[in-house]
Amino acid sequence: MSEKSDLFHCDEKMLTYDAAVVLEKIVDGLRQRKLTATTEDGPVCVDLPLLAELEISFKQKVKPGKSKHKLSIELSWKEADGAE
């Protein structure tokens with residue numbers, strides 16, 4: 001049976017500038033093939049493979065008087081896919 005665990009989760013409202021700073025840190029980690037984050041339980045570090053699948057979507061939901069936009073970025077891989 002497989003086992004899932006949340007290593008890190010961020011869901012907070014922030015200035016778009018601050019969101020850009022967070023994304024820049026992620027980009028730096030992608031370039032180094034190592035993502036790091038600090039959680040309540042301490043640091044989390046994930047080594048990245050050479051090859052991964054990138055999915056980007058931009059959605060818009062329009063209602064009278066208001067609209068909602070959502071940008072989703074997902075990078076996924078399987079350990080077997082990342083063989084060097």
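Colleague: Is Ile56 buried or exposed?

Modeller: Ile56 lies in strand S3; strands are DSSP runs of E with at least two residues, and helices are runs of H or I with at least four, numbered from the N terminus. Buried means under 20% relative accessible area, exposed over 50%, and partly exposed in between, with a 1.4 Å probe and protein chains only. Ile56 has a relative accessible area of 57%, so Ile56 is exposed.

Colleague: What pLDDT is needed before side-chain atom pairs count?

Modeller: Residues are numbered from 1 along each chain as its sequence is written, and side-chain values use heavy atoms, leaving out hydrogens and water. This is a predicted model: totals for chains, interfaces and linings use all residues, local features need pLDDT of at least 70, and side-chain atom pairs count only at pLDDT 80 or more.

Colleague: What is the area of the nonpolar surface patch?

Modeller: Patch residues have over 30% relative accessible area and no salt bridge; like charges are joined within 9 Å, and nonpolar side chains (Val, Leu, Ile, Met, Phe, Trp, Tyr) within 5 Å. Areas come from the Shrake-Rupley method with a 1.4 Å probe. Met14, Val22, Leu23, Ile26, Leu30, Leu54, Ile56, Phe58, Leu71, Ile73 and Leu75 make up the nonpolar patch, at about 1,000 Å².

Colleague: Which element gives the most to the nonpolar patch?

Modeller: Helix H1 (16-32), S3 and S4 each give two or more residues to the nonpolar patch. With four residues, the largest share comes from H1.

Colleague: Which residues gather in the patch of positive charge on the surface?

Modeller: Lys and Arg count as positive, Asp and Glu as negative; His and the chain ends are not counted. A charge is placed at NZ of Lys, CZ of Arg, CG of Asp or CD of Glu. The positive patch gathers Lys59, Lys61, Lys63, Lys66, Lys68 and Lys70.

Colleague: Which elements give two or more residues to the positive patch?

Modeller: Take Lys59, found in strand S3. Its relative accessible area is 53%, so Lys59 is exposed. The elements giving two or more residues are strand S3 (53-63) and strand S4 (66-76).

Colleague: How many salt bridges does the count give?

Modeller: A salt bridge is a side-chain nitrogen of Lys or Arg within 4 Å of a carboxyl oxygen of Asp or Glu. Arg31 pairs with Asp28, and Lys34 with Asp47. By this rule the count is two.

Colleague: How far apart are the closest N and O atoms of Arg31 and Asp28?

Modeller: Both residues lie in helix H1, three residues apart, about one turn of the helix. Arg31 is exposed because its relative accessibility is 65%. Asp28 is partly exposed because its relative accessibility is 40%. The closest N and O atoms of this salt bridge are separated by 3.6 Å.

Colleague: How far apart are the closest N and O atoms of Lys34 and Asp47?

Modeller: The salt bridge between Lys34 and Asp47 has its closest N and O atoms at 3.4 Å. The pair links distant parts of the chain, 13 residues apart: Lys34 in strand S1, Asp47 in strand S2 (residues 42-47). Lys34 is partly exposed at 39%, whereas Asp47 is exposed at 52%.

Colleague: What is the phi of Arg33 near?

Modeller: Arg33 sits in the loop between H1 and strand S1 (34-39). Its relative accessibility is 27%, so Arg33 is partly exposed. Most residues other than glycine have a negative phi. The phi of Arg33 is positive, near 60°.

Colleague: Which residues does Thr36 touch, not counting those up to four places away in sequence?

Modeller: Thr36 lies in strand S1 and is exposed, with a relative accessible area of 62%. Contact means heavy atoms within 4.5 Å. Outside its sequence neighbours, Thr36 touches Val44 and Cys45.
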